[in-house]
Amino acid sequence: AKKLRKGDITFYDEQIREQLTQRYNIETGLKRAIDQHEFHIQYQPQASLKTGKLIGYEALLRWQTAGQFISPDDFIHVAEESGQIEQIGLWVLKQVLSEMQPILASDQSLSINLSPRQFHQNNLVPVISNLLNKLHFPANQLELEITEFAIVSNFERAIAQISELKKLGISIAIDDFGTGYSSLIRLRELQADRLKIDKHFINQLNKSDKDEQLVEYILMLAKNMNLSVVAEGVETQVQLSKLRELGCDAIQGYVYAHPMPIEKVLKSEHSVLFC
Ligand code: C2E
Ligand code: CA
Ligand code: CA
Ligand code: CA
């Protein structure tokens, strides 16, 4: 093993201290974020690979505080661990459902991310059910995205929770699919509607044969189980044609559209992916 020198320890010490400070600042900042109106939502369009047309949007949370933009990758897990995610998640649901209700066309879907903790929350189903009623948002146009981790962390409960959500008419997507954890066999018990292939694998398409095979395998498996598949993080035409060739159902990514504020959703006539 490599021998640690005194300088190394000081370096790691400082790094850890910096991380702890950043984490503390995020947690403290989050306490004020809702009241100070520091959150807003962006919407990223998804397109069908069969028709090339817009089929729906994923809602993505944005946080801007003290003139600084903080990525969800940096604050969602902090909120998850501190428990603040329950309140933030509720804000997201209310905000997205109420601002998109008048805009969303009847043949489009809207996807919202649920963190593991939020997904396993006791009152999640009645809370969502009440919101849908109150805001007149059609349940069959709502999709909830749940990560593989949220599912394997408590599989039995996940099955029950999904089944309750499905009774309301809501669709379920498994997010970041392929990043590990879940046994593919048990997936069948879940009654999910869609799989979202993680952008890591899409990024590697045409760079790594292994990843291409994995994407192919996921698509085969999905077809077998009657699941529809969305590829995320599609950035190039090459990736796009590869995915079409492999029979993927839909894509989301910069090659089609970036996440955008609601004003732009309202105005934009979405480009078709291909004709
Ligand atoms: P995610 O659910 O996997 O969302 C997709 C991420 O990929 C988004 O990052 C999106 O902006 C980004 N993306 C989309 N197209 C492309 C592309 O072509 N190339 C690349 N490189 N990236 C692309 P974002 O918005 O920074 O969100 C990061 C993560 O934060 C999300 O990953 C999700 O796990 C979490 N998140 C975002 N909003 C919420 C929320 O409202 N609730 C919860 N619980 N989590 C959220
Ligand atoms: Ca997602
Ligand atoms: Ca994802
Ligand atoms: Ca992700």
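These are my notebook entries on a few spots I looked up in this predicted model.

**Ground rules.** Residues count from 1 along each chain as its sequence is written, while chains are lettered from A and ligands numbered from 1 in the order in which they are written. Since I am reading a predicted model, local features need pLDDT of at least 70 and side-chain atom pairs count only at pLDDT 80 or more, while totals for chains, interfaces and linings use all residues; side-chain values use heavy atoms, with hydrogens and water left out.

**Entry: the calcium ion (ligand 3).** Which residues hold the protein donors here? I found Asp-175 (OD), Asp-176 (OD), Glu-232 (OE) and Glu-232 (OE), lying 2.1 to 2.7 Å from the ion. Donors are N, O and S atoms within 2.8 Å of the metal (3.2 Å for Na, K and Ca), and water is not among the atoms, so sites may look incomplete. Along the chain, I noted the spacing D-D-x55-E.

Buried means under 20% relative accessible area, exposed over 50%, and partly exposed in between (1.4 Å probe, protein chains only). Asp-175 is buried because its relative accessibility is 6%, whereas Asp-176, at 25%, is partly exposed.

**Entry: Gln-42.** I found Gln-42 in strand S1, residues 39-48. Strands (E, at least two residues) and helices (H or I, at least four) are DSSP runs, numbered from the N terminus. Is Gln-42 buried or exposed? Its relative accessible area is 18%, so Gln-42 is buried. Leaving aside neighbours within four places in sequence, I listed its contacts (heavy atoms within 4.5 Å): Glu-58, Ala-59, Leu-60, Arg-62, Pro-259, Met-260 and Pro-261.

**Entry: two positive phi values.** Most residues other than glycine have a negative phi. I marked His-37, not a glycine, with a positive phi of about 55 degrees. His-37 sits in the loop between helix H1 (6-33) and S1, and is exposed at 70% relative accessible area. Gln-191 has a positive phi too, near 60 degrees. Gln-191 lies in the loop between strand S6 (171-177) and strand S7 (194-197), and is partly exposed at 44%.

**Entry: Tyr-12.** I located Tyr-12 in helix H1. With a relative accessible area of 46%, Tyr-12 is partly exposed.
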